[in-house]
Amino acid sequence: MTVTGQEIADYVDRVRAALADLPPAVRDELTEDLPEHLAEVAAESEGSLVDRLGTPEAYAAELRAAAGAEAGAGRGRRRRRLAAAQARAGTQLRALDIQLGPLLGQSSVSEFLRPLRPAWWLLRGWLAALLISVVLQQPSGLLPRLDGSVLAGLFLLAGTVLASVWLGRRSPGLQGWPRRLTRLGTAALLIFSFGVLVNVDQHASSDQFGSYQEVSVGDRYDSIEDVFVYDQEGRLVRNAQLFDQNGVPIRLGWPTCLSVDGNMPPPRNAYPYCPDRAPFGPPVPAAPAPAAPTVSAPPAPGPGTATPTPSGSATPAPTVTPSAVPSESTPTPAPTR
Amino acid sequence: MDTTQLLKGVLDLAVLAVLKEEDGYGYDILRRLREAGLEEVGDASVYGTLRRLFAAGLLTTYVVPSESGPHRKYYSLNVAGRDQLTRSGKTWRSFATTMDALLDDRGMAA
(Lines give C-alpha, C1' and ligand atoms only; values in the text may rest on other atoms or scores of the structure.)
Protein backbone atom coordinates (compact mmCIF):
# COMPACT_ATOMS: atom_id res chain seq x y z
CA MET A 1 0.00 0.00 0.00
CA THR A 2 1.66 3.12 -1.22
CA VAL A 3 -0.96 5.57 -0.03
CA THR A 4 -0.47 6.79 3.50
CA GLY A 5 -3.15 7.66 5.99
CA GLN A 6 -1.94 11.23 5.79
CA GLU A 7 -2.56 11.32 2.03
CA ILE A 8 -6.08 10.06 2.60
CA ALA A 9 -6.71 12.64 5.31
CA ASP A 10 -5.39 15.43 3.08
CA TYR A 11 -7.58 14.27 0.20
CA VAL A 12 -10.64 14.21 2.44
CA ASP A 13 -9.79 17.66 3.77
CA ARG A 14 -9.54 19.11 0.31
CA VAL A 15 -12.78 17.53 -0.83
CA ARG A 16 -14.51 18.92 2.24
CA ALA A 17 -12.96 22.34 1.63
CA ALA A 18 -14.32 22.33 -1.91
CA LEU A 19 -17.77 21.56 -0.50
CA ALA A 20 -17.46 24.23 2.15
CA ASP A 21 -20.45 26.15 0.84
CA LEU A 22 -22.86 23.29 1.52
CA PRO A 23 -24.78 23.12 4.77
CA PRO A 24 -22.57 21.24 7.24
CA ALA A 25 -25.03 18.36 7.60
CA VAL A 26 -25.17 17.81 3.83
CA ARG A 27 -21.42 17.99 3.53
CA ASP A 28 -20.91 15.53 6.35
CA GLU A 29 -23.35 13.11 4.79
CA LEU A 30 -21.68 13.39 1.40
CA THR A 31 -18.22 12.74 2.74
CA GLU A 32 -18.84 10.34 5.61
CA ASP A 33 -17.90 7.30 3.52
CA LEU A 34 -15.00 9.01 1.86
CA PRO A 35 -12.14 7.93 4.16
CA GLU A 36 -13.20 4.26 3.97
CA HIS A 37 -13.68 4.50 0.26
CA LEU A 38 -10.26 6.04 -0.24
CA ALA A 39 -8.72 3.35 1.95
CA GLU A 40 -10.26 0.65 -0.27
CA VAL A 41 -9.12 2.40 -3.42
CA ALA A 42 -5.65 2.67 -1.95
CA ALA A 43 -5.58 -0.97 -0.95
CA GLU A 44 -6.67 -2.12 -4.37
CA SER A 45 -4.01 -0.63 -6.60
CA GLU A 46 -0.77 1.26 -6.83
CA GLY A 47 -0.30 4.97 -7.45
CA SER A 48 -1.47 8.06 -5.69
CA LEU A 49 -5.09 8.90 -5.01
CA VAL A 50 -4.94 11.85 -7.38
CA ASP A 51 -3.72 9.53 -10.17
CA ARG A 52 -6.75 7.33 -9.82
CA LEU A 53 -9.49 9.67 -8.71
CA GLY A 54 -8.43 13.02 -10.07
CA THR A 55 -7.95 16.08 -7.94
CA PRO A 56 -10.00 16.37 -4.75
CA GLU A 57 -11.66 19.44 -6.23
CA ALA A 58 -12.76 17.50 -9.31
CA TYR A 59 -13.92 14.68 -7.07
CA ALA A 60 -15.93 17.13 -5.01
CA ALA A 61 -17.49 18.66 -8.13
CA GLU A 62 -18.51 15.20 -9.39
CA LEU A 63 -19.87 14.24 -6.01
CA ARG A 64 -21.83 17.47 -5.84
CA ALA A 65 -23.25 17.06 -9.33
CA ALA A 66 -24.20 13.41 -8.84
CA ALA A 67 -25.79 14.05 -5.49
CA GLY A 68 -27.67 17.01 -6.90
CA ALA A 69 -26.55 18.91 -3.84
CA GLU A 70 -27.11 22.60 -4.08
CA ALA A 71 -25.74 25.00 -1.58
CA GLY A 72 -29.27 25.57 -0.37
CA ALA A 73 -32.32 27.50 -1.40
CA GLY A 74 -31.66 30.95 -2.71
CA ARG A 75 -27.98 30.44 -3.18
CA GLY A 76 -27.04 31.10 -6.74
CA ARG A 77 -24.17 29.94 -8.81
CA ARG A 78 -22.22 33.09 -8.02
CA ARG A 79 -22.48 32.43 -4.33
CA ARG A 80 -21.26 28.91 -4.90
CA ARG A 81 -18.34 30.09 -6.98
CA LEU A 82 -17.50 32.59 -4.30
CA ALA A 83 -17.55 29.86 -1.68
CA ALA A 84 -15.35 27.66 -3.84
CA ALA A 85 -12.86 30.48 -4.31
CA GLN A 86 -12.94 31.06 -0.60
CA ALA A 87 -12.24 27.41 0.03
CA ARG A 88 -9.32 27.45 -2.41
CA ALA A 89 -7.89 30.55 -0.77
CA GLY A 90 -8.28 28.87 2.59
CA THR A 91 -6.38 25.81 1.39
CA GLN A 92 -3.57 27.94 0.03
CA LEU A 93 -3.41 30.00 3.20
CA ARG A 94 -3.10 26.86 5.27
CA ALA A 95 -0.25 25.69 3.05
CA LEU A 96 1.47 29.07 3.38
CA ASP A 97 0.88 28.98 7.11
CA ILE A 98 2.86 25.77 7.39
CA GLN A 99 5.51 26.78 4.88
CA LEU A 100 6.38 30.04 6.64
CA GLY A 101 6.27 28.52 10.11
CA PRO A 102 9.97 27.51 10.24
CA LEU A 103 10.96 31.14 9.60
CA LEU A 104 9.45 31.98 12.97
CA GLY A 105 10.78 28.89 14.65
CA GLN A 106 7.38 27.22 14.84
CA SER A 107 5.64 24.48 12.93
CA SER A 108 3.26 27.07 11.49
CA VAL A 109 2.65 30.78 11.56
CA SER A 110 -0.60 30.37 13.45
CA GLU A 111 1.31 28.38 16.06
CA PHE A 112 3.53 31.43 16.46
CA LEU A 113 0.60 33.85 16.64
CA ARG A 114 -1.54 31.88 19.05
CA PRO A 115 0.28 32.95 22.26
CA LEU A 116 0.02 36.56 21.09
CA ARG A 117 -3.75 36.52 21.08
CA PRO A 118 -4.25 37.98 24.58
CA ALA A 119 -2.07 40.91 23.52
CA TRP A 120 -4.39 41.46 20.59
CA TRP A 121 -7.38 41.37 22.94
CA LEU A 122 -5.85 44.17 25.02
CA LEU A 123 -5.04 46.20 21.93
CA ARG A 124 -8.55 45.63 20.63
CA GLY A 125 -10.05 46.90 23.88
CA TRP A 126 -7.95 50.03 23.72
CA LEU A 127 -8.92 50.62 20.07
CA ALA A 128 -12.58 50.13 20.92
CA ALA A 129 -12.34 52.73 23.71
CA LEU A 130 -10.67 55.16 21.32
CA LEU A 131 -13.33 54.50 18.72
CA ILE A 132 -16.13 55.12 21.19
CA SER A 133 -14.41 58.30 22.29
CA VAL A 134 -14.07 59.48 18.70
CA VAL A 135 -17.64 58.55 17.79
CA LEU A 136 -18.83 60.68 20.72
CA GLN A 137 -16.72 63.45 19.24
CA GLN A 138 -14.44 63.74 22.21
CA PRO A 139 -11.03 65.21 21.53
CA SER A 140 -8.78 62.22 21.98
CA GLY A 141 -5.12 61.61 21.51
CA LEU A 142 -3.91 58.22 22.55
CA LEU A 143 -6.11 58.10 25.64
CA PRO A 144 -9.86 57.94 25.33
CA ARG A 145 -11.77 60.79 26.92
CA LEU A 146 -15.37 61.11 28.04
CA ASP A 147 -16.74 64.60 28.55
CA GLY A 148 -13.17 65.78 28.33
CA SER A 149 -12.28 63.76 31.40
CA VAL A 150 -9.32 61.43 31.24
CA LEU A 151 -10.49 59.58 34.35
CA ALA A 152 -13.85 58.72 32.80
CA GLY A 153 -11.92 57.74 29.71
CA LEU A 154 -9.80 55.36 31.77
CA PHE A 155 -12.93 53.71 33.12
CA LEU A 156 -14.16 53.34 29.58
CA LEU A 157 -10.79 51.86 28.64
CA ALA A 158 -10.93 49.35 31.47
CA GLY A 159 -14.44 48.37 30.43
CA THR A 160 -13.64 47.82 26.79
CA VAL A 161 -10.45 45.91 27.58
CA LEU A 162 -12.32 43.57 29.92
CA ALA A 163 -15.06 43.12 27.33
CA SER A 164 -12.51 42.42 24.63
CA VAL A 165 -10.72 39.79 26.73
CA TRP A 166 -14.03 38.19 27.63
CA LEU A 167 -15.01 38.13 23.96
CA GLY A 168 -11.59 36.76 23.02
CA ARG A 169 -11.98 33.86 25.43
CA ARG A 170 -15.45 33.10 24.14
CA SER A 171 -15.08 33.78 20.42
CA PRO A 172 -13.83 30.29 19.39
CA GLY A 173 -17.26 28.92 20.34
CA LEU A 174 -19.22 31.53 18.45
CA GLN A 175 -21.24 30.47 15.46
CA GLY A 176 -23.49 32.15 12.95
CA TRP A 177 -24.20 35.84 13.19
CA PRO A 178 -22.37 36.55 16.49
CA ARG A 179 -19.24 35.22 14.83
CA ARG A 180 -19.83 37.32 11.73
CA LEU A 181 -20.52 40.36 13.86
CA THR A 182 -17.25 39.85 15.73
CA ARG A 183 -15.31 39.61 12.50
CA LEU A 184 -17.00 42.69 11.10
CA GLY A 185 -16.20 44.61 14.27
CA THR A 186 -12.60 43.47 14.14
CA ALA A 187 -12.26 44.62 10.54
CA ALA A 188 -13.75 48.01 11.42
CA LEU A 189 -11.36 48.37 14.35
CA LEU A 190 -8.38 47.53 12.16
CA ILE A 191 -9.35 50.20 9.64
CA PHE A 192 -9.90 52.64 12.48
CA SER A 193 -6.53 51.78 14.03
CA PHE A 194 -4.85 52.67 10.76
CA GLY A 195 -6.52 56.08 10.95
CA VAL A 196 -5.29 56.51 14.53
CA LEU A 197 -1.78 55.59 13.50
CA VAL A 198 -1.75 58.15 10.69
CA ASN A 199 -3.13 60.81 13.01
CA VAL A 200 -0.57 60.16 15.74
CA ASP A 201 2.22 60.09 13.21
CA GLN A 202 1.21 63.48 11.86
CA HIS A 203 1.18 64.97 15.33
CA ALA A 204 4.53 63.47 16.16
CA SER A 205 6.20 64.88 13.08
CA SER A 206 4.70 68.37 13.31
CA ASP A 207 6.67 69.15 16.50
CA GLN A 208 3.65 70.43 18.27
CA PHE A 209 5.35 70.05 21.62
CA GLY A 210 8.69 71.71 20.91
CA SER A 211 8.30 75.40 21.77
CA TYR A 212 11.72 76.32 20.46
CA GLN A 213 11.38 74.70 17.11
CA GLU A 214 7.93 76.02 16.62
CA VAL A 215 9.21 79.49 15.83
CA SER A 216 12.70 78.81 14.65
CA VAL A 217 12.41 75.96 12.25
CA GLY A 218 11.51 77.04 8.83
CA ASP A 219 12.93 76.48 5.44
CA ARG A 220 14.24 80.01 5.22
CA TYR A 221 16.33 79.66 8.34
CA ASP A 222 17.59 76.17 7.91
CA SER A 223 20.92 77.33 6.52
CA ILE A 224 21.62 79.76 9.38
CA GLU A 225 24.47 78.68 11.60
CA ASP A 226 25.02 81.80 13.65
CA VAL A 227 23.44 85.23 14.22
CA PHE A 228 25.34 88.52 14.36
CA VAL A 229 23.64 91.61 15.76
CA TYR A 230 25.10 95.07 15.16
CA ASP A 231 23.98 98.18 16.97
CA GLN A 232 23.23 101.39 15.17
CA GLU A 233 26.87 102.40 15.37
CA GLY A 234 27.73 99.27 13.45
CA ARG A 235 29.29 97.59 16.44
CA LEU A 236 28.91 93.88 16.94
CA VAL A 237 26.64 93.10 19.87
CA ARG A 238 27.82 90.19 21.93
CA ASN A 239 25.54 87.78 23.74
CA ALA A 240 22.46 89.19 22.08
CA GLN A 241 19.26 87.42 23.02
CA LEU A 242 16.45 86.95 20.57
CA PHE A 243 12.79 86.56 21.43
CA ASP A 244 9.60 86.42 19.49
CA GLN A 245 6.42 88.35 20.27
CA ASN A 246 5.47 85.81 22.92
CA GLY A 247 8.74 85.98 24.76
CA VAL A 248 9.78 82.62 23.48
CA PRO A 249 13.50 82.46 22.81
CA ILE A 250 14.33 82.20 19.14
CA ARG A 251 16.87 79.57 18.57
CA LEU A 252 18.82 79.74 15.37
CA GLY A 253 21.87 77.89 14.27
CA TRP A 254 24.29 76.02 16.48
CA PRO A 255 27.80 76.52 17.84
CA THR A 256 30.37 75.74 15.19
CA CYS A 257 33.50 76.90 16.92
CA LEU A 258 35.37 76.22 20.14
CA SER A 259 35.08 78.62 22.97
CA VAL A 260 38.06 80.17 24.75
CA ASP A 261 38.61 77.22 26.98
CA GLY A 262 38.67 74.88 24.03
CA ASN A 263 35.25 73.35 24.51
CA MET A 264 32.30 73.35 22.25
CA PRO A 265 29.95 75.90 23.76
CA PRO A 266 26.46 74.62 24.50
CA PRO A 267 23.63 75.99 22.44
CA ARG A 268 22.10 78.92 24.26
CA ASN A 269 20.09 81.97 23.50
CA ALA A 270 23.07 84.28 23.22
CA TYR A 271 24.35 85.31 19.85
CA PRO A 272 26.73 85.12 18.20
CA TYR A 273 28.12 81.75 19.12
CA CYS A 274 31.32 82.59 17.33
CA PRO A 275 32.08 86.30 17.45
CA ASP A 276 35.34 85.72 15.60
CA ARG A 277 33.43 84.82 12.52
CA ALA A 278 31.55 88.10 12.27
CA PRO A 279 31.00 88.84 8.62
CA PHE A 280 31.83 92.52 8.85
CA GLY A 281 35.13 92.55 10.62
CA PRO A 282 36.13 93.46 14.15
CA PRO A 283 34.14 96.01 16.06
CA VAL A 284 35.05 99.58 15.35
CA PRO A 285 36.98 101.28 18.20
CA ALA A 286 35.18 103.98 20.09
CA ALA A 287 37.68 106.52 18.67
CA PRO A 288 36.40 109.34 16.46
CA ALA A 289 35.72 108.65 12.90
CA PRO A 290 38.67 108.55 10.58
CA ALA A 291 40.26 112.00 10.26
CA ALA A 292 39.44 113.90 7.18
CA PRO A 293 42.35 114.92 5.03
CA THR A 294 43.79 118.14 6.52
CA VAL A 295 44.68 120.87 4.16
CA SER A 296 47.36 123.22 5.40
CA ALA A 297 47.94 126.14 3.14
CA PRO A 298 49.30 129.55 3.86
CA PRO A 299 46.72 132.19 3.46
CA ALA A 300 46.56 133.38 0.01
CA PRO A 301 47.65 136.96 -0.45
CA GLY A 302 44.72 139.18 -0.41
CA PRO A 303 44.18 141.39 -3.34
CA GLY A 304 44.43 144.55 -1.26
CA THR A 305 47.68 143.74 0.34
CA ALA A 306 49.40 142.63 -2.69
CA THR A 307 52.94 143.73 -2.35
CA PRO A 308 54.91 142.19 -5.06
CA THR A 309 58.20 141.31 -3.54
CA PRO A 310 60.53 140.30 -6.13
CA SER A 311 62.41 137.94 -4.00
CA GLY A 312 63.58 134.69 -5.37
CA SER A 313 62.51 132.75 -2.41
CA ALA A 314 58.95 133.49 -2.99
CA THR A 315 56.61 130.55 -2.68
CA PRO A 316 54.66 130.85 -5.80
CA ALA A 317 51.78 128.57 -5.08
CA PRO A 318 50.02 127.42 -2.01
CA THR A 319 51.36 124.05 -1.11
CA VAL A 320 48.83 121.48 -0.33
CA THR A 321 50.08 118.79 1.95
CA PRO A 322 47.53 116.09 2.24
CA SER A 323 48.36 114.68 5.57
CA ALA A 324 45.58 112.19 5.64
CA VAL A 325 45.95 109.86 8.52
CA PRO A 326 45.79 106.44 7.06
CA SER A 327 42.97 104.72 8.81
CA GLU A 328 43.57 101.05 9.33
CA SER A 329 39.90 100.32 9.44
CA THR A 330 37.82 99.72 6.43
CA PRO A 331 34.75 101.88 6.08
CA THR A 332 32.30 100.79 8.64
CA PRO A 333 29.18 99.37 7.23
CA ALA A 334 25.96 100.51 8.59
CA PRO A 335 23.45 97.76 8.58
CA THR A 336 20.44 99.34 7.13
CA ARG A 337 17.97 96.86 8.29
CA MET B 1 -19.83 9.34 -28.15
CA ASP B 2 -18.52 9.83 -24.67
CA THR B 3 -19.89 7.14 -22.38
CA THR B 4 -19.67 9.42 -19.36
CA GLN B 5 -22.30 11.65 -20.93
CA LEU B 6 -24.64 8.70 -21.35
CA LEU B 7 -23.91 7.49 -17.86
CA LYS B 8 -25.17 10.70 -16.39
CA GLY B 9 -28.62 9.92 -17.64
CA VAL B 10 -28.80 6.30 -16.57
CA LEU B 11 -26.61 6.03 -13.51
CA ASP B 12 -29.65 6.18 -11.23
CA LEU B 13 -31.13 3.24 -13.03
CA ALA B 14 -27.85 1.34 -13.01
CA VAL B 15 -27.37 1.82 -9.27
CA LEU B 16 -30.95 0.78 -8.52
CA ALA B 17 -30.46 -2.27 -10.73
CA VAL B 18 -27.31 -3.53 -9.02
CA LEU B 19 -29.04 -3.16 -5.65
CA LYS B 20 -32.04 -5.20 -6.77
CA GLU B 21 -30.60 -8.58 -5.87
CA GLU B 22 -28.37 -7.71 -2.99
CA ASP B 23 -27.66 -4.81 -0.63
CA GLY B 24 -24.28 -3.24 -0.88
CA TYR B 25 -21.96 -0.56 0.47
CA GLY B 26 -20.46 2.21 -1.62
CA TYR B 27 -17.28 0.63 -2.86
CA ASP B 28 -19.03 -2.70 -3.37
CA ILE B 29 -21.68 -1.07 -5.54
CA LEU B 30 -19.00 0.68 -7.54
CA ARG B 31 -17.26 -2.63 -8.14
CA ARG B 32 -20.48 -4.30 -9.27
CA LEU B 33 -21.13 -1.51 -11.77
CA ARG B 34 -17.61 -1.85 -13.18
CA GLU B 35 -17.89 -5.63 -13.35
CA ALA B 36 -21.14 -5.16 -15.24
CA GLY B 37 -19.21 -3.23 -17.88
CA LEU B 38 -19.63 0.38 -16.81
CA GLU B 39 -15.88 0.89 -16.62
CA GLU B 40 -15.96 4.63 -16.82
CA VAL B 41 -18.24 5.26 -13.92
CA GLY B 42 -16.67 7.70 -11.51
CA ASP B 43 -16.25 6.99 -7.82
CA ALA B 44 -17.68 10.30 -6.77
CA SER B 45 -20.60 9.95 -9.18
CA VAL B 46 -21.65 6.66 -7.58
CA TYR B 47 -21.35 8.02 -4.06
CA GLY B 48 -23.23 11.16 -5.03
CA THR B 49 -25.94 9.15 -6.72
CA LEU B 50 -26.36 6.90 -3.70
CA ARG B 51 -26.73 9.93 -1.49
CA ARG B 52 -29.30 11.51 -3.82
CA LEU B 53 -31.37 8.33 -4.16
CA PHE B 54 -31.31 8.00 -0.40
CA ALA B 55 -32.43 11.61 0.00
CA ALA B 56 -35.22 10.95 -2.50
CA GLY B 57 -36.46 8.12 -0.28
CA LEU B 58 -35.65 5.29 -2.69
CA LEU B 59 -33.00 3.66 -0.51
CA THR B 60 -32.61 2.74 3.12
CA THR B 61 -29.31 2.42 4.88
CA TYR B 62 -27.87 0.45 7.75
CA VAL B 63 -24.43 0.16 9.20
CA VAL B 64 -22.62 -3.14 9.40
CA PRO B 65 -19.63 -3.43 11.74
CA SER B 66 -16.67 -4.97 10.04
CA GLU B 67 -14.02 -7.07 11.71
CA SER B 68 -11.31 -6.16 9.27
CA GLY B 69 -11.90 -2.47 8.74
CA PRO B 70 -14.17 0.49 9.26
CA HIS B 71 -17.89 0.15 9.66
CA ARG B 72 -19.73 0.04 6.39
CA LYS B 73 -22.87 1.79 5.40
CA TYR B 74 -25.06 -0.57 3.40
CA TYR B 75 -27.73 0.58 0.99
CA SER B 76 -30.83 -1.40 0.13
CA LEU B 77 -33.81 -0.81 -2.11
CA ASN B 78 -37.05 -0.02 -0.33
CA VAL B 79 -40.50 -0.28 -1.87
CA ALA B 80 -40.31 3.15 -3.47
CA GLY B 81 -36.93 2.19 -4.89
CA ARG B 82 -38.24 -0.97 -6.42
CA ASP B 83 -41.14 0.92 -8.00
CA GLN B 84 -38.72 3.48 -9.34
CA LEU B 85 -36.50 0.74 -10.72
CA THR B 86 -39.47 -0.84 -12.53
CA ARG B 87 -40.59 2.46 -14.04
CA SER B 88 -37.13 3.63 -15.01
CA GLY B 89 -36.32 0.21 -16.44
CA LYS B 90 -39.36 0.36 -18.68
CA THR B 91 -38.51 3.86 -19.79
CA TRP B 92 -34.99 2.80 -20.63
CA ARG B 93 -36.08 -0.32 -22.52
CA SER B 94 -38.48 1.70 -24.59
CA PHE B 95 -35.90 4.41 -25.22
CA ALA B 96 -33.20 1.90 -26.12
CA THR B 97 -35.56 0.06 -28.44
CA THR B 98 -36.43 3.32 -30.18
CA MET B 99 -32.77 4.20 -30.59
CA ASP B 100 -31.94 0.68 -31.87
CA ALA B 101 -34.74 0.85 -34.43
CA LEU B 102 -33.62 4.31 -35.48
CA LEU B 103 -30.08 3.11 -36.12
CA ASP B 104 -31.21 -0.20 -37.69
CA ASP B 105 -33.35 1.67 -40.22
CA ARG B 106 -30.25 3.52 -41.36
CA GLY B 107 -28.13 0.43 -41.65
CA MET B 108 -25.92 1.17 -38.69
CA ALA B 109 -24.14 -1.92 -37.37
CA ALA B 110 -24.56 -2.74 -33.73
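**Strand pairing, chain contact and backbone geometry**

In chain B of this predicted model, strand S1 (residues 24–25) and strand S3 (residues 72–77) pair in the antiparallel sense over two bridges; helices (H or I, at least four residues) and strands (E, at least two) are DSSP runs, numbered from the N terminus, and two strands pair if DSSP finds at least two bridges between them. B:Gly24 has B:Tyr75 as its bridge partner in S3(B). S3(B) also pairs with strand S2 (residues 59–64) of chain B, in the antiparallel sense and over six bridges, and B:Ser76 of S3(B) is the bridge partner of B:Thr60.

The model is a prediction in which local features need pLDDT of at least 70 and side-chain atom pairs count only at pLDDT 80 or more, while totals for chains, interfaces and linings use all residues. Residues are numbered from 1 along each chain as its sequence is written, with chains lettered from A and ligands numbered from 1 in the order in which they are written.

The contact between the chains takes 15 residues from chain A and 14 residues from chain B, two residues being in contact if their C-beta atoms, placed from the backbone, lie within 7 Å. On the side of chain A that touches chain B, helices H2 (24–31), H3 (34–44) and H5 (56–67) each supply at least two residues. The largest share, seven residues, comes from H5(A).

In chain A, a cis peptide bond with omega of about -5 degrees joins A:Tyr271 and A:Pro272. A:Pro272 is placed in the segment after strand S2 (236–237) of chain A. A:Asn239 also lies in the segment after S2 of chain A, and its phi is positive, near 55 degrees.
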